Amino acid sequence: PTPRRPRSAAVATVTCRACRARAWQRSGGLPQSPPLTPGCAVPRGLCPRGMGSKRLSPRHQSHPSWPCRIARSCVCVILVVFGSFLISVMLTGYKHTLKVTEKFSTENYYEVRSQLNQITARNVPSFNMEAKKNMSLWDFSSTGSCQVVHEAFLVMGMRVPKSASSTVQDLIELLAPVNRYTTSNVIQRRSVGRSRKVDLDAEERRLCSYLSELPRRTVHTAHIGFLDFANKGLPRPIYFATMRDPMSRLISHYNYVHFGPRGVYVLAPSRSGDAPTLNKCVTNHMAGKNKSTGTFDCLQTVGLQLRFFCGVTRKCREYSIANLAVARSNIQRNFVAVLVVEEMLLSFTVLERKLPGIFTGMTDKYKHPRDGGDELRSRINFRTVNEKETLDIGARTFLEKELALEYDLYDFAVKRLNDQASACGIVHEEGQQWKQGRWR
């Protein structure tokens with residue numbers, strides 16, 4: 001049957017958005033539907049015979065629907081990224097391209113994840129800049145009294161590599177919904193060969209501005225050195241960090257990089273399966289035979305913990321007495337607690353006592369069920385390889401001399417933790433109190 005003539009131009013134009021480019025000759029030039037197109041709900045029978053074979057002018061051609069436009073855009077982005085990757089492989093080589101890709105993708109992933117956590121957080125308090133400034137009036141310089149901070153807008157967890165930082169990260173993720181805070185893991189942008197040069201001072205300003213502007217209460221954890229918010233005129237967050245015996249940490253780091261297992265999100269494989277043992281590498285250094293080959297060296301991370309507590313600026317790259325003084329000052333003024341791996345349970349107890357609004361329940365989440373906790377969530381023994389390698393007396397003595405400044409900082413942190421435990425009256429389950437470095 002012949003379709004009924006539309007009564008007005010308005011009726012004809014709303015018949016189908018994808019089919020209104022045709023002119024219906026029988027209606028005196030009113031718009032008419034072309035043949036049925038994908039997504040068009042108008043039956044083909046409503047279009048007059050022969051109209052489907054006519055070619056549309058560019059002015060009358062219908063535009064694709066928004067799902068089609070999105071699909072085309074995604075395909076174009078994928079093709080551009082894949083083409084760029086192939087070009088980079090041909091120009092710079094596979095390994096360098098893989099390193100750059102991993103670095104860029106990791107940085108973008110953590111920034112997007114941080115923003116999503118801020119948007120999707122529920123029952124998490126938010127603060128304006130004035131409230132944040134009022135929360136920055138604490139002072140941790142005195143260890144003679146147990147200063148407790150009940151509210152914080154931003155807590156910075158400094159993750160020193162191979163010092164139980166994964167254990168702390170697991171606990172923070174577990175406590176987030178219970179203690180009403182969101183998490184962030186934005187990392188520092190670093191120079192990657194010739195592909196990107198990063199100014200460290202400018203990068204510190206960027207990170208401080210980004211983190212201080214997060215609206216909701218946040219615990220940020222990442223492998224980033226100390227950031228000086230006060231020097232930028234921004235509200236100071238509360239810091240805490242992990243620290244480990246320098247010798248044990250260096251051994252763990254060297255073995256992990258060369259022989260250790262990789263996480264599921266790490267694209268790069270172990271550096272070299274045929275690398276020398278730590279003892280052999282140190283012996284070569286003692287004899288002056290070790291030459292830089294571009295691989296991870298056994299002395300490469302000497303002073304790493306000192307540099308982390310000093311800061312991210314270029315001057316903190318030096319392993320010096322001056323930077324040791326800066327690191328000790330930063331700990332004294334900005335860190336609510338420094339968690340010592342060799343006294344992890346005591347460290348968690350002090351942290352929970354000093355900042356109960358954020359870390360309540362951390363000790364119970366860490367302890368083994370036989371000690372009255374949920375489960376032992378330490379991954380220290382699962383992420384290391386060849387930890388108990390025996391060093392020669394000469395090699396150990398050589399490393400102790402190289403690590404002298406870092407051991408000075410470590411001893412300072414241990415003493416400070418002991419003083420905080422005594423001042424807070426932390427009592428052992430058997431009724432003993434922590435005094436002068438042990439339960440008494």
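Which residues of helix 11 are buried? In this predicted model, the buried residues of helix 11 are Met344, Leu346, Ser347, Phe348, Thr349, Val350, Leu351 and Lys354. Eight of the eleven residues of the helix are therefore buried, so helix 11 is largely enclosed by the rest of the structure.

**Overall architecture**

The protein contains 15 helices and nine strands, and 43% of its 440 residues count as buried. Among the contacts with a sequence separation of 6 or more, 67% are made by residues 24 or more positions apart. The protein exposes about 23,900 Å², of which carbon and sulfur atoms supply 55%. On this surface, Val112, Leu116 and Ile119 form a nonpolar patch that has about 300 Å² of accessible area together; Val112 is found in helix 3, which covers residues 94-120. An α-helix has 3.6 residues a turn, so residues three or four places apart point the same way.

**Helix 11 and Thr349**

Thr349 belongs to helix 11, which covers residues 344-354, and is one of the buried residues of that helix. The side chain of Thr349 reaches the backbone oxygen of Leu345 at a distance of 2.8 Å, while beyond its neighbours within four places in sequence, Thr349 is in contact with Thr363 and Ile426.

Strand 3, made of residues 154-158, is mostly covered, with five of its five residues buried. In a regular strand the side chains alternate between the two faces of the sheet.

Met158 takes part in both pairings: its bridge partner in strand 5 is Ala222, and in strand 6 it stands opposite Ala241.

**Salt bridges**

| Residue pair | N to O distance |
|---|---|
| Arg217 and Glu151 | 2.7 Å |
| Glu203 and Arg206 | 2.8 Å |
| Asp408 and Arg328 | 3.1 Å |

In the salt bridge between Arg217 and Glu151, the closest N and O atoms are 2.7 Å apart. Arg217 lies in the loop between helix 6 (200-212) and strand 5, and Glu151 in the loop between helix 4 (129-134) and strand 3, so the pair ties together parts that are 66 residues apart in sequence. Arg217 is buried, with a relative accessible area of 6%, whereas Glu151 is partly exposed, with a relative accessible area of 32%.

Glu203 and Arg206 both lie in helix 6, where they are three residues apart, about one turn of the helix. Of these two residues, Glu203 is buried, with a relative accessible area of 5%, and Arg206 counts as partly exposed at 22% relative accessibility.

The side chains of Asp408 and Arg328 meet in a salt bridge, at 3.1 Å from N to O. Asp408 lies in helix 15 (residues 404-423) and Arg328 in helix 10 (residues 321-334), so this pair ties together parts that are 80 residues apart in sequence. Asp408 is partly exposed, with a relative accessible area of 33%, and Arg328 is partly exposed too, with a relative accessible area of 32%.

**Backbone angles in two loops**

Most residues other than glycine have a negative phi, and most peptide bonds are trans. Against this background, phi of Asn123 is near 60°, a positive value in a residue other than glycine. Asn123 lies in the loop between helix 3 and helix 4 and is exposed, with a relative accessible area of 64%. Arg180 likewise has a positive phi, of about 60°, although it is not a glycine. Arg180 lies in the loop between helix 5 (165-179) and strand 4 (182-184), and it is partly exposed, with a relative accessible area of 41%.

Notes: Residues are numbered from 1 along each chain as its sequence is written. This is a predicted model: local features need pLDDT of at least 70, side-chain atom pairs count only at pLDDT 80 or more; totals for chains, interfaces and linings use all residues. Side-chain values use heavy atoms; hydrogens and water are left out. Helices (H or I, at least four residues) and strands (E, at least two) are DSSP runs, numbered from the N terminus. Buried means under 20% relative accessible area, exposed over 50%, partly exposed in between (1.4 Å probe, protein chains only). Contact means heavy atoms within 4.5 Å. Accessible areas come from the Shrake-Rupley method with a 1.4 Å probe; for residues, only the protein chains shown count as cover. Patches are made of residues with over 30% relative accessible area and no salt bridge: like charges are joined within 9 Å, nonpolar side chains (Val, Leu, Ile, Met, Phe, Trp, Tyr) within 5 Å. A salt bridge is a side-chain nitrogen of Lys or Arg within 4 Å of a carboxyl oxygen of Asp or Glu. A polar contact is a pair of N or O atoms within 3.5 Å; within protein, one must be able to donate a hydrogen and the other to accept it, and residues adjacent in sequence count only if both atoms are side-chain atoms. Two strands pair if DSSP finds at least two bridges between them.
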